[in-house]
Amino acid sequence: MMTIGPSKPRVLLFSQRNIMGKYLFRCPHFEFENIISQIDSVEVLAPQADASSLRSNFVKGVAYHVPMSLNPGIRKIRNHAHYDVFFAVCGYPTDLLMADAAIDWRNHCTTSVCMIDELWAKEIPLYRHFFRILKKFDLVVLYYSQTVRPLSERIGSKCIFLPPGIDALLFSPYPKPPRRSIDVYSIGRRSEVTHSALLKMAAENDLFYLHDTVAGDKAIDSGQHRALFANVAKRSRYFLVNPGLINQPQKTNKQIELGNRYFEGAASGTIMIGERPQIESFEMHFDWPDAVVQLDYDSSEIDRIINDLDRQPEKQESIRRSNMVESLLRHDWAYRWEAILTNIGLEPMQQLVRRKERLHDLARQISSEESGCRQDATKG
């Protein structure tokens, strides 16, 4: 445990950074936790355990079939303090076993909130026994908008949709924007058709195409991984994006949801190319012009799109600035935490207010530079 902020923290934050800390999928979770620790009064509860141990895997396997909670190998924390809120970030519903084993939060916290990253509506019956733990929470926050209603009906608890966020200050190229020396950046899941087209462009047109060449799901250090990711993204001109697990319809049952890539690409000021999800959550959170330049998932038309945009430098700059400004004003983790506080009736702390001021100041700087460029062009 470590205390961050005033001597009497009001938030007890359960983190799996000492259990699942190297998994790439979870790096944004720890980024969110770090921001919360900076903008609120927080005590971090981060127990250690081996998630790959025989005991952990056995307990998880049993939990799928039997309505009972076993300890996957975490020492129960004896804590006599009281907090306003208990907050737990779970990658999957199976992570609830870790939180439940670590502490009896209902005896120590006035309100409890659980945020779940990946839970497809199709999989709700699969996780039915894990929901006994989820029912203990006062508020359940979901990244997947179309899972909210069926899960609410299943567990009878308040569930809300909250999209992923981003450390917009880390990913922003400003106040000292670097040169965009990478033409196209692709990270994670990709279409082999589009990939082949880009490889051809790289071979024939001297395109700098940066993409994954090794398979793996772990980082050496989650913070360093996010910092490097941000540094590469803000040096990239184009960035490939697609909805989560777009190539696994058997798992998602064709449920379309926003993924982290949209928030990472926008915050870094890239021009995002890929699928524009035909869902309400996308239209709500990426409602500015050309937030994503449409390219069907298995399309080889990437060369035409890039060549067309390369002939429109003013349009490129407009897209990049809009992506950066909107991210600073809407998608930083501070706004996500503020939304959670609003839902549980807590006021934001001064640290959060100050971070929002920094975000708004940087957005104004970027917008003012755009206005200056337009005035110069008019004079010319």
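User: What is the accessible surface of the protein, and what share of it belongs to carbon and sulfur atoms?
Analyst: This is a predicted model. Its accessible surface comes to about 17,200 Å². The share belonging to carbon and sulfur atoms is 50%.

User: What radius of gyration does the protein have, against that of a compact globule?
Analyst: The chain has 380 residues, so a compact globule would have a radius of gyration near 21 Å. The protein agrees with that. Its C-alpha atoms fill a box of roughly 70 × 45 × 35 Å along the principal axes. The radius of gyration is 22 Å.

User: Which residues touch the most other members of the largest nonpolar core?
Analyst: Nonpolar side chains tend to be buried together in soluble globular proteins. Here the largest nonpolar core has 64 residues. Its largest share, seven residues, comes from helix α14 (residues 333–344). The residues touching the most other members are Phe87, Phe286 and Trp337.

User: How many residues are in the other core, the one with Leu45 and Phe137?
Analyst: That core lies apart from the largest one. Its members include Leu45, Ala51, Phe137 and Ile155. The count is 40 residues.

User: Which strands stand at the edges of the sheet, each with a single partner strand?
Analyst: The sheet is open, with five strands in parallel pairing. The order is β9-β8-β10-β11-β12. One side of each edge strand is left without a neighbour, because each has a single partner. The edge strands are β9 (209–210) and β12 (292–294).

User: Which residue in β9 stands opposite tyrosine 185?
Analyst: Strand β8 covers residues 182–185. It pairs with β9 in the parallel sense over two bridges. Opposite tyrosine 185 stands leucine 210.

User: What is the angle between the ring planes of phenylalanine 229 and phenylalanine 239?
Analyst: The whole structure holds 20 aromatic pairs. Phenylalanine 229 and phenylalanine 239 form a tilted one, 6.4 Å centre to centre. It links helix α8 (residues 222–233) to strand β10 (residues 236–241). The angle between the planes is 35°.

User: Are phenylalanine 229 and phenylalanine 239 buried or exposed?
Analyst: Buried means under 20% relative accessible area. Phenylalanine 229 has 3% relative accessibility, so it passes that cut-off. Phenylalanine 239 has 0%. Phenylalanine 229 counts as buried, and phenylalanine 239 counts as buried.

User: Which residues do ring pairs link into a cluster with Tyr262?
Analyst: Tyrosine 262 and phenylalanine 282 form an edge-to-face pair, 6.0 Å centre to centre with 65° between the planes. Tyrosine 262 sits in helix α10 and phenylalanine 282 in helix α11. Phenylalanine 286 also touches Tyr262. With Tyr262, the cluster holds Phe263, Phe282, Phe286 and Trp288.

Terms used: Residues numbered from 1 in each chain as written. Predicted model: local features only at pLDDT ≥ 70, side-chain atom pairs only at ≥ 80, totals over all residues. Heavy atoms only, no water. Core = buried A, V, L, I, M, F, W, Y, C linked by side-chain atoms within 4.5 Å. Buried < 20%, exposed > 50% of the residue type's maximum accessible area, 1.4 Å probe, protein only. Helix = DSSP H or I, 4+ residues; strand = E, 2+ residues; numbered from the N terminus. Contact = heavy atoms within 4.5 Å. Pairing = 2+ DSSP bridges. Rg over C-alpha atoms; globule rule 2.2 N^0.38 Å. Areas by Shrake-Rupley, 256 points an atom, 1.4 Å probe, with all protein chains shown as cover. Phe/Tyr/Trp six-rings, centres within 6.5 Å; stacked < 30°, edge-to-face > 60°. Lists of a residue's contacts leave out its neighbours within four places in sequence.
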